[in-house]
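Hello,

Here is the structure I said I would pass on. My notes on what I found follow below it.

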Amino acid sequence: MSNYSIALIPLLPLATFVVLGLFGRKYLSAFAGIIGTISLLISTIISLVTAYQYFFISGKINGIYQPIIALNYSWLQFTPSVSIDMGIMLDPIAMMMIVVVTFVSLMVHIFSLGYMKGEERFATYYAFLSLFTFSMLGLVLSSNIFQIYMFWELVGVSSFLLIGYYFDKPSAVAASKKAFIVTRFADLGFLIGILILAYSAETLDFGTLIARLTDASSPYFVNAAGASFIGISALTWGLVLVFLGGAGKSAMFPFHIWLPDAMEGPTPVSALIHAATMVVAGVFLVARLFPIFAFDAAALTVVTYVGAFSALFAAIIACTQTDIKRVLAYSTMSQIGYMMFSLGVAKHGGEGGLGYMASMFHLFTHAFFKSLLFLGAGAVIHLVHSNEMKDMGGLRKLMPITHITFLIACLAIAGIPPFAGFFSKEEILLAAFHSNKMVFFVALFTSGLTAFYMFRLYFSIFWSKESHVHENGHGEGTLTMKLPLVILAVFAVFAGFFPIASLVTSDGLALETHIDYLFSLTPVALAVAGILLASSLYKSENSKPQSIATTLGGLYTAAHKKFYMDELYMFITHKIIFNLIGKPAAWIDKNIVDGLMNLFADTTAQISDNMKGLQSGKLQQYASYFFVGVLGFMLLFIYLWN
Amino acid sequence: MTNLSILVIFPLLTTFAILFCRNVTQIKWTALIGSLLQLTIASLLMYSYYGERAAGNTAQMLFEARYSWYSAMNIEYYVGVDGISVIMIMLTAFVVTCGILISWKIETLTKEFFFLLLLLSVGAYGFFISLDLFTMFFFLELAVIPKFLLIAIWGSGKKEYSAMKLALMLMGGSALVLIGLLATYFNTDMGGGVHTWDLLKIAHMHIPYETQLFIFPFLFVGFGVFTALFPFHTWVPDGHSSAPTAASMFLAGISMKLGGYGCLRVATYLMPEAAQHYSWIIVLLATIAIIYGAFATLMQKDLKYINAYSSVSHCGFILLGIGMLTKTALIGAVMQMVSHGLMTALFFGAIGMIYERTHTRQIKELGGLLKTIPFLSSVFIIAGLCSLGLPGFSGFVSEMVVFVGAWQQPDAFHRIATILAAASIVVTAVYILRAAGSAIMGPIKNEHFNHLKDATWNEKMASVLLIFAILSIGLAPFWLINIISPDTQIIMENIARGAIGN
Amino acid sequence: MSASIVIFYILAAIILGGGILAVTAKKIFRSAIYLLFSLMGIAGLYFYLNYEFIAAVQIVVYIGGIVVLIIFSIFLTHASGKDMEKPKLMSVIVSAVAAVFACAIVISLINNYSFVATTNTAIEPTVKNIGRQMLSTTEHGFILPFEVVSMLLLAALIGSIVIALKPKTEA
Amino acid sequence: MNEIGLTHILFLSAILFFIGVYGFLTRRNMVTMLMSIELILNSVNINFVAFNKFLHAGKLDGTFFTIFIITIAAAEAAVAIAIIIHLYRSNKSIDVNDADLMKF
């Protein structure tokens, strides 16, 4: 596969975006969907072939997977040495990511054919979808840290456009604004992190950046680690800030508030963006810079604890949500917490690299079953026209395929053995067990919670009360909606058996893994317990969930209210930033700085008013001024002037 | 394209041609054709400039021409052009053409309107090509006076007040500049008591350190007033929001760049030691302007005020770039001038077009325009995204170059200033999205917005022209950098020589 | 104390007294009369200095002409009856102090300035001498100013008539 | 006290001059202002005559000056009174402060 054809992978969606963007509304609105899906199909095929070729033909050099720079030309040349350039870099995680992104995006494209049929801005929807896929692929394939920042911003904007697709709903507009501003705030940290890292290593390219900042002897590493700002070395500052950028995009703890609101967008969008691709960008970024992270323990501990806390925090909230898409959003946040802390506990190379491999493996499997869950939820909402659990129930007869695929996905995410989730979650728990006991127990408890809230969701949608949904004909949706569900379900089952361990590792060497049955007994048992608890509470209509909720009292309402994080942010932005900084700034500008200028104007007017008093029209005043003047001159010239 | 003065004479001819037109359509078409031809001349100039540079002509200034105006004071009409001025001329040509295209519906006194607008452009062209300080000042003044009339007659809101304020503050600024230029003039001696106004000769002449310390503030603050230097920026919000669309496009797009170009070419280039000495004040004021301007914009309710305050914040980047005194930062400053010029022209154009249809600029009253006038709303959104620094548009490129350049100053003060300036991209995102969110997206608040007419051919052409320019810088900025960097190199050599000097 | 000194002081008293009273009198008609006495005192002074012609001219023009004219104007403006308004106290004090102060300076100047008289032979200011020199065109004769003054008088004559003419339309 | 010298007469004319100035500055009636102007002119005449007699006896310039001043004073008084009458006719009062149209 020649290098230029690799460049085709991101460029095809870009081409569709331009075509649909410019001519979509008027001319191509009828078959916009077809164009989008076909171009993405080609892009998926190319990426599969590239991945295959990289992994099994050209990638491995004497046993180690080497990053290959496929394409590179200088985009912005400051001085002969310093330049920002655009390029494509192939390496194990990039290959895995392009496969995941293109595949899931294809599924979503097919699903949207049916789901978005009636929409009046159908073409713009597909334009924005392909813009998103382009920027995500660009992000994954970028060869230097500046280029990844550029596509990072583009991903942010396309998510803004997609969340705000139903722009006549004020809540959608507010949600898209919130998403963009929170991620933008995190990107600021990312930008400053880039500047610190790039300046201390005097390069932007990933390969040289990692090489220079990872061997202790290099002058770059020495002064980076040496130069400290408030006690923390510049290197740690850079890494933590870069992680901050990643946390923003992956909705980790402090920056997670935009994810639940992002559910305002169409469900296929949530399936693509908020399940499989955009939210894992943060994990991908940390994985990309993992060798430097591994070198700096402080940064890694931050990653671990933020990841672990987010996982637990999100799992608790997910148990109390009533809107099915918000449950799935929090479950995404929790699973990404898993990936983050598994990267956190990993070491560079050898046996320590298990965490890194496990995180990538979980990312791989999670993409499939989480997008399946979202698409399933989309089909349900399409039928029921409401997101709330209480409007659903007993839909298993009405929607057989969705029911089965949803069940498979729930089993997968809960970590029940044959399914994909079990394998990747085991690796993560194993890695956590080896390096950080406390995180291991948190992970164990969260996996139990995951099983509980997933099956709570499953039972309340498909079981609990008899469905009162009137049969309105289109039932489970067209074929284009059912096909992706089935394909994703197949992957959710068999993704576990993919040999990720031998392909994607932190140091490129294959890592042989074995399933330690004894060890994995406890998590599976916990998962089964969670499922049984959920079925007892939610399988049939009963008052038990309500009674538990009242007993838990404060904790339940707090969790239901997302621990008042939104109110906190509202307080910070509106009360503090708008009132304490914005208003005074505007006031100062209007009164003080502007006032100063007006003051000059008024004083001159005042002076001129007084001066004109002299011209009073009174003859005798003039005469006396004249007389006094003459007198003064007489005195001056006679006595003083000699 | 040897004779540069065509750039000044041709618009003058168009202005006179307008005087002889009879009805409104003739006026509009002569103005448009005149500005389009001017655009072709400007691109011809750039093309031949490229050719000249490719042919290895390394002289600092090309296409020089010199006629003596007033030999007693040694004042000459000395014109020449280098990379930076070629770019600024292209920018002026673009913005003026789009300004004329957008002001197609001016009914009252159209002849005078276009006459004054083109007179302004003559001032701007002259300013960018002149190398004699006196001629530069002459064209600077020419570019100030018609603004007052444009705002006072065709403006909206409290137009007399803002026209007066704008004119007085700009006049104040140019007065400071005049003092600075005179002081420089009298401090140059070509032997035998003869002084010179020639920019290049003065650059090689070493003005003593103390006099530099005295003259530099006058020049920098004088030109700074044009580029909304912090305490003197109050004319920007009032002036821009009361001006008619084409005038505010010219005002924000070009006349704020006159100041930036002046600061770079006259203040920093001629007095490097003083620039070094005062650089911390410039950086401080620029950072305040950026942060302060951004936060002040948060509170604005009127679209034009938002764009005016955001121009204050974006022009802060220009001064930040100049204040940092590193090669990349200077390149960033020039790129920011060009990119901000285009983007604010597009933004003001979009706001003007929306105002023409909905007759209100209050965010509260606007809503759901995306449904009724999709083309205009997408132009507005593109302008908004460009100004908040989305990659692919020129805003991102120039801001990043300024940040990278600013980051090369290792000491803590400059680092904090850069971080604060970088923090402004978040605040910019907030106010742009608040404006776009409530004005363009969201439900339709006012029922008669339902049947608004979308963009006519001239508005479409203007927006496409500007968007093409923004994209050409955003997607492939190397052509812009290659044309600018040799000149910033020369300025940097002067600063380096200055640093050794004192 | 010879007779001439006494005469001089009497004349001085008349001049200054008339002047002060003319300036401070309540009734306008009275101040006109005091002005009359002061001018007569001045004419007396000219006689005292043996400049009879000038004294005569003074009596004829000033007293006969200008004072009469002033009295006419008083009648024409109906101002003779009531008292004139008292000037503001402030302006009185200020101008009085200024005048006295200036007068003191001038007097001290006159005192310590030695006037040098020319030595050439004196010419009797008789009417013949004055007349001959007035109209002589040769050495520093005054024929030109004489003609110019006559034109001035003509102009003043016509001017004052035009200004003071009662417009026809007015009833 | 010895002979009456030039200085005595000069004192006299100085005092008369400043009386006229005082009168001009304080009187509010235009006619009386005219009278004080006459006083000032007369004090000047006295000076001329005195200088002619004591200092420049050989020439008659002082005398001629006085004569011309008297004639001009007459013309001036005539025009002044015409103006006063005209003013009186227009704004019914000859108070100098009422005629203050020529102001800011």
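**Chain A**

Chain A has a secondary structure of 26 helices and six strands. Please keep in mind that this is a predicted model. Along its principal axes, the C-alpha trace of chain A spans about 120 × 65 × 55 Å. Chain A has 642 residues, and 55% of them count as buried. If you take the contacts in chain A with a separation of 6 or more, 78% of them join residues 24 or more positions apart.

Helix H15 covers residues 324-345. Its 22 residues should span 32 Å at 1.5 Å a residue, and its end C-alpha atoms are 32 Å apart, which agrees. Helix H26, residues 619-640, also has 22 residues. From first C-alpha to last, H26(A) reaches 31 Å, close to the expected 32 Å. H26(A) is hardly covered, with one buried residue among its 22.

**Confidence**

The predictor gives the complex an ipTM of 0.78 and a pTM of 0.84. For chain C the average pLDDT is 86, and 95% of the residues score at least 70. Within chain C, confidence is highest in H2(C), at a mean of 92, and lowest in H5(C), at 81.

**Chain C and its partners**

The contact between chains C and D takes 72 residues from chain C and 61 residues from chain D. On the chain C side, at least two residues each come from helices H1 (3-24), H2 (28-48), H3 (52-76), H4 (89-111), H5 (127-135) and H6 (143-164). H3(C) supplies the largest share of that side, twelve residues. By class, the side of chain C that touches chain D has 53 nonpolar, 18 polar and one charged residues.

Chain C also touches chain A: five residues of chain C are in contact with five residues of chain A. On the chain C side of this contact, three residues are nonpolar, two are polar and none is charged.

**A helix pair between C and D**

Two packed helices are described by the angle between their axes and the distance between the axes. The axes of H3(C) and of helix H3 of chain D (residues 61-91) come within 10 Å and cross at roughly 10°. Angles under 35 degrees count as roughly parallel, so H3(C) is roughly parallel to H3(D). The residues of H3(C) that make the contact include C:Ile54, C:Val61, C:Leu69 and C:Leu76. Those of H3(D) include D:Thr63, D:Ile70, D:Ala77 and D:Ile84. By class, this contact of H3(C) with H3(D) has 16 nonpolar, five polar and no charged residues.

**One residue in chain B**

B:Tyr67 lies in strand E1 (residues 62-70) of chain B. Is B:Tyr67 buried or exposed? B:Tyr67 has 11 inside 10 Å, so it counts as exposed. Leaving out residues up to four places away in sequence, B:Tyr67 touches B:Glu76 and B:Tyr77. The C-alpha atoms of B:Tyr67 and B:Arg22 are separated by 36 Å, and these residues are 45 apart along the chain.

Regards

Key:
Residues numbered from 1 in each chain as written. Chains lettered and ligands numbered in written order. Predicted model: local features only at pLDDT ≥ 70, side-chain atom pairs only at ≥ 80, totals over all residues. Helix = DSSP H or I, 4+ residues; strand = E, 2+ residues; numbered from the N terminus. Expected span 1.5 Å × (residues − 1). Buried ≥ 20, exposed ≤ 12 C-beta atoms within 10 Å, placed from the backbone. Contact = placed C-beta atoms within 7 Å. Nonpolar A, V, L, I, M, F, W, Y, C, P; charged D, E, K, R; others polar. pLDDT = per-residue confidence, 0-100. Axes fitted to C-alpha atoms, helices over the stretch in contact; angles between N-to-C directions. Parallel < 35°, antiparallel > 145°, perpendicular 65-115°, else oblique.
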